[in-house]
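Visitor: I'm new to this structure. Could you take me on a close look at its aromatic side chains?

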Amino acid sequence: MMRFSKRDFLRSVAGIGALSAFRPALASPTGFWEDIRAAYGVTDSFIQLENGYYSLASNEVLEPYLRHIQDINKVSSYYMRTRQADDKLASRTAVAELLGCGPEELIITRNTTESLDTIISGIDWKAGDEAIMAGQDYGAMLDMFRLMSRRHGIVNKVLSIPNQGISDDELVRLYESAITPKTRLLMVCHLINITGRIMPVRQITEMAHRHGVEVLVDGAHAFAHLDFRIADLGGCDYYGSSLHKWLGTPLGAGLLYVRKDKIRGIWPLFGDSSFADDDIRKLNHTGTHPVATDLAI
Ligand SMILES: Cc1ncc(COP(=O)(O)O)c(C=O)c1O
């Protein structure tokens, strides 16, 4: 199975086939960063320090992406009706390999928001069910939980995570302290965007599972940034990320992982009767979609 590493990535963006050829550049910090810079069409008008919103795509990504747009534009619906499904499966399979799961547990979405909100809105909530999250979690997901509270009467328990001076064990105990017999879901951010804190997801998942609570992980800033596989996360139930952040795909690509045995329990946002209840593709019907993004993955 393919294993993603930063070294592979740097070698690929620098367009250098053999690592030995890259060594002199690594030895010289100036040459190294010049090579990286040359791989991107960066503006000269200011210095971009915010790459967490989304990462600009490297030239190596941008050029085939633009070609895909032009090629598909020439054949339009013929492409959609003949090759779209196979090509999408190839992209799903590649991303699934990076995450360390099978394509039957992963779909390509538009972004983390779509991935996580699909789960938050897709659970068969009952009034009084409880969900645990943190005030430091991303606003769009907190909003979705608020909506579920208004719509289904769920109770949201919002923790406050200290910005510093808290150990992993203390974090696990903090989440555990909010669990009651009514808790159904715990959402945790893999890498908190505000502080950069890497959360002990495996320990939190194992603890939550001991209490029968499902775990949803916000991996917006972790996938293709931290070196991990889904198996390292203690069997988390759901994982969402954006590919246009640290993987550097064109805008509008994300992933949603749903553990095989959990797919059946999630209601899709858009109806699609062509897939069985335990087929993850039931969660992936968004209508006509800019397929060149999927191809560029
Ligand atoms: C922690 C976290 N989660 C989710 C998101 C949402 O990502 P997207 O807008 O790509 O859906 C972000 C965006 O920066 C984020 O920082």
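Guide: Here is a walk through the aromatic residues, starting with the ring pairs.

First, a word on the model: it is predicted, so local features need pLDDT of at least 70 and side-chain atom pairs count only at pLDDT 80 or more, while totals for chains, interfaces and linings use all residues. Residues are numbered from 1 along each chain as its sequence is written, and side-chain values use heavy atoms, with hydrogens and water left out.

A search of the whole structure turns up three aromatic pairs. Rings of Phe, Tyr and Trp (its six-membered ring) pair if their centres lie within 6.5 Å; planes under 30 degrees apart count as stacked, over 60 as edge-to-face and the rest as tilted. One of the pairs is Phe 32 with Trp 33, an edge-to-face pair with 4.8 Å from centre to centre and 85° between the planes. Phe 32 counts as buried because its relative accessibility is 11%, whereas Trp 33 is exposed because its relative accessible area is 54%. Here, buried means under 20% relative accessible area, exposed over 50%, and partly exposed in between (1.4 Å probe, protein chains only).

Another pair is Phe 228 with Tyr 239, this one tilted, at 5.7 Å centre to centre and 40° between the planes. It links distant parts of the chain, eleven residues apart: Phe 228 sits in the loop between β5 (214–218) and β6 (238–242), and Tyr 239 in strand β6. Helices (H or I, at least four residues) and strands (E, at least two) are DSSP runs, numbered from the N terminus. Both Phe 228 and Tyr 239 are buried.

Now out to the surface. Tyr 53, Tyr 54 and Leu 251 form a nonpolar patch there, with about 350 Å² of accessible area together. Patches are made of residues with over 30% relative accessible area and no salt bridge, with like charges joined within 9 Å and nonpolar side chains (Val, Leu, Ile, Met, Phe, Trp, Tyr) within 5 Å. A salt bridge is a side-chain nitrogen of Lys or Arg within 4 Å of a carboxyl oxygen of Asp or Glu, and accessible areas come from the Shrake-Rupley method with a 1.4 Å probe; for residues, only the protein chains shown count as cover. Tyr 53 lies in the loop between α3 (29–38) and α4 (59–75), and it counts as exposed because its relative accessibility is 60%.

Last stop: Trp 267, found in the loop between β7 (254–258) and α11 (291–296). Trp 267 counts as exposed too, because its relative accessibility is 57%. Trp 267 and Pro 103 are 164 residues apart in sequence and 19 Å apart in space, C-alpha to C-alpha.
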